[in-house]
Amino acid sequence: MRLSRFISAIFILLLFFPQIQRKFKIIQPTELAGSIIKHKNPPFTFSTWLNGEFQRLVEARFISKLGFRSHMIKTENQLNFSLFRQISANPQEPIIMGEDNWLFEESYIKNYISPIDVNRKHVMPYLTGLKELQTRVRQANKAFCVVISASKASTYPEMLPEWARNKRKKNTVDNYQKSKKLFQELDIIFVDTPKIFKDYRKQSDNLLFAKGGTHWNYLGALLIVQEMIKKVSPQLDFSIPEIILDSVSKDNKVTGTDNDLGELLNLWLDQSTIGDNFHPHFHVTKNHNIKPPKVLFIGCSFVLTLSELLDNSGFYQSRDTLYYNKRLISFPGKTTLPEKIDPLSPPDFNLEELLEKADIIVFEINETVLPLAWMDFVRDAVNVFRKKQS
Amino acid sequence: MIFSSLFFLYAFLPFFLIFYYITPEKHRNKTALAGSLLFYSWGAPKFVLVLIISSISDYYLSQIICKTSEYSHKKRKSALIFALVINLSVFLYFKYANFFVGEFNSLLSLFKLDSIIWKEIALPIGISFFTFQKISFLIDVYRGNALKASSVFDYILYVALFPQLIAGPIVRYHDVDKQLKQRNHNTELFFSGVWRFCQGLGKKVLLANTLALTADKVFALDYSTIPSTAAWLGLLCYAFQIYFDFSGYSDMAIGLGRMMGFKFLENFNRPYISNSFTEFWRRWHISLSNWMREYLYIPLGGNRTSKARSYLNLWLVFLLSGFWHGASWNFVFWGGYHGFFLSLDKLLKAKTNSSNRSVYKQLLTFFLVIIGWVFFRAVDLNSSFSFLKSLFSFSSRESLQFNFSEIISNRGYFCLLISPLFAMIPLSASKEQFFAEMRGSTITYLNKITIFIISVLILFLSSCALANSGYNPFIYFRF
């Protein structure tokens, strides 16, 4: 009887533990990787109570701040990974584990298996707009270049899980190949990363993607920058620095976004997703004839690796990045994405000023979404140039 | 708010238990009532008034129904009928109005007539359960099987008691009337409630939720192309999912009831080991079949009529039972399917004595029961038949080409493999008997401590699973 009483009291106390932890932080909370939408304080009104919004927000906020939550999440993920070789990830952005614990975003695998359709009639008006942008940028004595970023799934298909490798039909003509033809037809200047990576792989075993990362590593980014310089240099009336690759070193150190997918697994022991990493050692050529340019990047998270590689290298004078054509990250200055962003807040940049400032405009699109991306930027930028050039 | 949520476990429950036990015993019903109404209004704020007002109306009508000396039998019966009509009208309106209007509109469109404009009504949570409980109260009071409610508050407590309000078990009034007035709060019962609650939580979160992932994926596929192996896999997962989900919830309800001093009757007793459909319904959702037998089958005549009539009564009861489960023809079909096999049991005079068990009968019953689940799970009747067709298509080529890893994970396989252990293997004693042994003085401290450690482990693992399911980070935000 006394034991039952004691145990019962312990049980009730255990139910209070998370709240006690939240208040007093008895055990140091552990960080979780990934971006989440944070919940605001729920407003209490009669109508928010009646329609259930208040309750939903209270619960969401309570759970997001629950003590031991990060420990529980990591424990669950570790159990799934260690016992079942299973990854727990956002069902809207699933991560798939391939051979030798290589990680892939599911969307890239899906595109590898079943590429999106390219309807020429539908896309040509947009690509014509992109071509006009290129023309107007050149008329403004600036350089323009599209960078087709490669997908890890198509670059290293042998590392995909067997079911994915077997699912792609032979002789698949994907959206990347179709879009390339359209770009060539319209004479749009582009860096063909998928081809560059395939060619590089024939001559070197150095990896261009990290095992646990979704983006190209710094070595892959460097190859692209070199190719990009070749494309933009002839368009400018001044010389820009070159990037010379001196050597490539190999270690297990993670830099930048090399293990972003691995970190997103939120494991206690996450070493299995870190493998050999290849780091380029390079120098930037400088002399009095060379002028470091001002660069404007537009793109998604692949652009972040390019930016991180070149910031502080002296290659450019300044760099602006329009992340998803909504958030501005600049070098020097605000070089990283803010920790907290209100998804409903409007874009925080002046496009006209950015276009005016830039010597080089780099437009990054991933091969899985080709040929259409950032078309709202294209439309707005063309309008800016039209107004100036009319 | 559901029992298997972090908010319930770590916000509502601990505070409720503290308030409950610091309240003096004679006022604990009021605390339980306040907690229950808060619980219900948290999830269904618009409908709590429906629950309260209809309960008040039941109570005051029951004051007429129970007074055998003051009112004539005719007046008492009229009051009973009136009360039943109110309850059934509310129930039929909220649960079936959308369905009947939809069917009527389909009929109108057949004759190329304009449809009725109708704004769909939301379904109050738990209405199927608490309506049956209210009917149970009214009839028990009429029959004199139970004590009348001592106050309107106690009656509302019976209806709204949060452990069984949302998903049962359906507690007949005469099973708890005495406990509402007086019940024993002791730590042995509380401890047994903790253990029972944690078992239910584990069944729901660790097993049912995992199996649901596969079942949902399979039932979302195109039935015309799905290979039969995948269809069977999905159906098996669903069969165990629904068992662990429902029985797990019942365990949690029974456990919570015990923590408050209530002893509810069992609702599940390893139904998948049944040798016949008759036995299945003595082991599956026992509270529903008890209710159906007592308040529907027996009043219709039960076994006391001709054989043909008793088969018809049985079939009718199960048709209605199917309809009670959901406002859709596939549920009706499911009910009729079970009614058919129950009638067949009677016709063949199947032995339901558990001592004459046979693996073949068990497997056959299990097979037929899970075929029935197709109608329970599929969206409508057409989909049900399409799925059935896919179950028996048996194309080896399609099976070899199908990627099973897309529908089931390693954890899913594991849960499916261990499911029979928890669902079907007969124990040497029932749970109740096992725990009854625990309450005796012969049980050592070690057993209680072992059970407590297992309970805490289940609570911890379930909390980890719940925390993780609610954390869906993006690799990078895209806005």
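Student: How many aromatic pairs are there over all chains?

Tutor: In this predicted model, the count comes to 95 aromatic pairs over all chains.

Student: What makes the pair of B:Phe219 and B:Tyr223 edge-to-face?

Tutor: The ring centres of B:Phe219 and B:Tyr223 are 6.5 Å apart, with the planes at 90 degrees. Rings pair if their centres lie within 6.5 Å, and planes over 60 degrees apart count as edge-to-face. The pair of B:Phe219 and B:Tyr223 is therefore edge-to-face.

Student: Why is B:Phe219 called buried?

Tutor: Buried means under 20% relative accessible area. B:Phe219 has 7%, so B:Phe219 is buried.

Student: Is B:Tyr223 counted as buried or exposed?

Tutor: The relative accessibility of B:Tyr223 is 12%, so this residue counts as buried.

Student: How do you know that B:Arg28 lies over the face of B:Tyr20?

Tutor: A charge over a ring needs CZ of Arg within 6 Å of the ring centre and within 35 degrees of the ring normal. B:Arg28 is at 5.7 Å from the ring centre of B:Tyr20 and lies over its face. Likewise, B:Lys95 lies over the face of B:Trp324, at 5.6 Å from the ring centre.

Student: Which residues touch the most other members of the largest nonpolar core?

Tutor: That core has 170 residues, and B:Phe3, B:Phe8, B:Phe197, B:Tyr272, B:Trp284 and B:Trp373 touch the most other members. Helix H10 of chain B, residues 228-259, gives the most to this core, with 19 residues.

Student: What is B:Phe197 in contact with, leaving aside its neighbours within four places in sequence?

Tutor: Its contacts include B:Phe3, B:Phe8, B:Leu13, B:Asp251 and B:Met259.

Methods:
Residues are numbered from 1 along each chain as its sequence is written. Chains are lettered from A and ligands numbered from 1 in the order in which they are written. This is a predicted model: local features need pLDDT of at least 70, side-chain atom pairs count only at pLDDT 80 or more; totals for chains, interfaces and linings use all residues. Side-chain values use heavy atoms; hydrogens and water are left out. A nonpolar core is a set of buried Ala, Val, Leu, Ile, Met, Phe, Trp, Tyr and Cys residues joined through side-chain atoms within 4.5 Å. Buried means under 20% relative accessible area, exposed over 50%, partly exposed in between (1.4 Å probe, protein chains only). Helices (H or I, at least four residues) and strands (E, at least two) are DSSP runs, numbered from the N terminus. Contact means heavy atoms within 4.5 Å. Rings of Phe, Tyr and Trp (its six-membered ring) pair if their centres lie within 6.5 Å; planes under 30 degrees apart count as stacked, over 60 as edge-to-face and the rest as tilted.
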